[in-house]
Amino acid sequence: MSVLTPSPGIGHLLRAWRQRRRMSQLDLSVEAEVSARHLSFVETGRSKPSRELVIHLAEHLDVPLRDRNDLLLAAGYAPVYAETPLEDRAMEPVRAALDELLAAHDPYPAVVVDRTWDLVTANRTALEVLTAGVDPALLEPPVNVLRVSLHPDGMAPRIANLAEWGSHLLTRLHRQALLTADPALEALRAEVADYPGIDPVPAAMTDPAAMLYVPLELRTGSDPGSGEGVLRFFSTIATFGTAVDITLAELSIESFYPADAHTAEVLRSHADGG
């Protein structure tokens with residue numbers, strides 16, 4: 001005989017998100033301009049929140065859209081945030097914008113990933129430079145960018161500063177897992193942290209105050225005399241700031257830029273067919 005476990009109520013979920021954001025009931029009530037007494041009643045189940053209040057509190061708690069739907073369901077309301085497949089006709093302007101952004105960033109690498117770091121699309125340079133030498137098995141869909149980057153059969157043997165770069169990526173992933181409470185991200189973090197050469201503890205830096213960023217230092221060229229040596233990159237991350245669709249809200253665009261003149265020259269030379 002199976003035993004059904006009741007789903008957490010809206011009060012329990014709201015309290016969990018508030019605690020995850022390290023906010024007291026008073027903090028949230030002041031910020032959201034809601035009576036502290038009413039908020040307490042909602043969290044303890046003595047009062048049922050309106051649909052509008054659930055959305056209002058979720059906004060002030062910076063709850064991801066996917067989880068806001070869960071809050072609404074727990075409160076007895078229908079979800080309000082759609083999750084439109086990227087292939088849908090309604091997403092044509094989004095796909096066009098992504099294609100334009102990626103093409104404009106050539107000859108430098110750029111990738112688009114979803115919430116679990118699965119690859120959505122990438123530009124030509126990213127596919128040529130970042131996947132060189134990667135085991136084809138890691139490039140079978142769905143392609144996970146973290147696995148490709150840090151797996152011993154992926155980019156890891158080519159990353160000159162693997163401990164430092166791996167620690168940087170793990171820190172990003174850990175922070176994302178804490179903010180979203182997504183078990184898939186925590187499972188991914190545990191998997192990647194167990195890869196050879198990956199130190200879950202941030203690597204010590206001689207003078208972190210003197211650093212501008214953590215670079216990706218990528219060995220390139222099978223011929224040591226090729227002149228390419230190590231390519232150095234820094235990256236920026238962009239998201240759709242006004243997204244109200246789950247798919248769109250969970251997309252991230254990571255653009256890599258040359259961190260020195262040598263890297264810029266090599267990439268431009270490749271683009272020109274050199």
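Guide: A residue is called buried at under 20% relative accessible area and exposed at over 50%, with partly exposed in between (1.4 Å probe, protein chains only). This is a predicted model, where local features need pLDDT of at least 70, side-chain atom pairs count only at pLDDT 80 or more, and totals for chains, interfaces and linings use all residues. Residues are numbered from 1 along each chain as its sequence is written, and side-chain values use heavy atoms, leaving out hydrogens and water.

Visitor: Which residues of helix α12 are buried?

Guide: In α12 (residues 261–271; a DSSP run of H or I, at least four residues), they are Thr-263, Ala-264, Val-266 and Leu-267.

Visitor: What puts them on the same side of α12?

Guide: The directions from the helix axis to their C-beta atoms cover an arc of only 165 degrees, which is why they share one side of α12. On the other side, Ala-261 and Glu-265 are exposed. The buried residues pack against α7 (124–130), β4 (230–238) and β5 (252–258).

Visitor: What makes β1 and β2 a pair?

Guide: Two strands (DSSP runs of E, at least two residues) pair if DSSP finds at least two bridges between them. Strands β1 (residues 110–113) and β2 (residues 119–122) have three, in the antiparallel sense, so they pass. Val-111 stands opposite Ala-122 in β2. The two strands form a hairpin with five residues between them, and Trp-117 in the turn has a positive phi of about 70 degrees.

Visitor: Why are β2 and β3 called edge strands?

Guide: The open sheet has five strands in the order β2-β1-β5-β4-β3, with antiparallel pairing. Both β2 and β3 (216–219) pair on one side only. For β3, four bridges join it to β4.

Visitor: How do you know that Glu-217 and Arg-232 make a polar contact?

Guide: The term covers N or O atoms within 3.5 Å (within protein, one able to donate a hydrogen and the other to accept it; residues adjacent in sequence count only if both atoms are side-chain atoms). The side chains of Glu-217 and Arg-232 come to 3.4 Å, so the pair qualifies. Glu-217 lies in β3, and Arg-232 is its bridge partner in β4.

Visitor: Which residues touch the most other members of the largest nonpolar core?

Guide: A nonpolar core joins buried Ala, Val, Leu, Ile, Met, Phe, Trp, Tyr and Cys residues through side-chain atoms within 4.5 Å. Of its 39 residues, they are Leu-150, Met-155 and Trp-165. Helix α9 (162–180) gives the most to this core, with six residues. A second, separate core of 22 residues includes Val-34, Leu-53, Ala-58 and Tyr-81.

Notes: Contact means heavy atoms within 4.5 Å.
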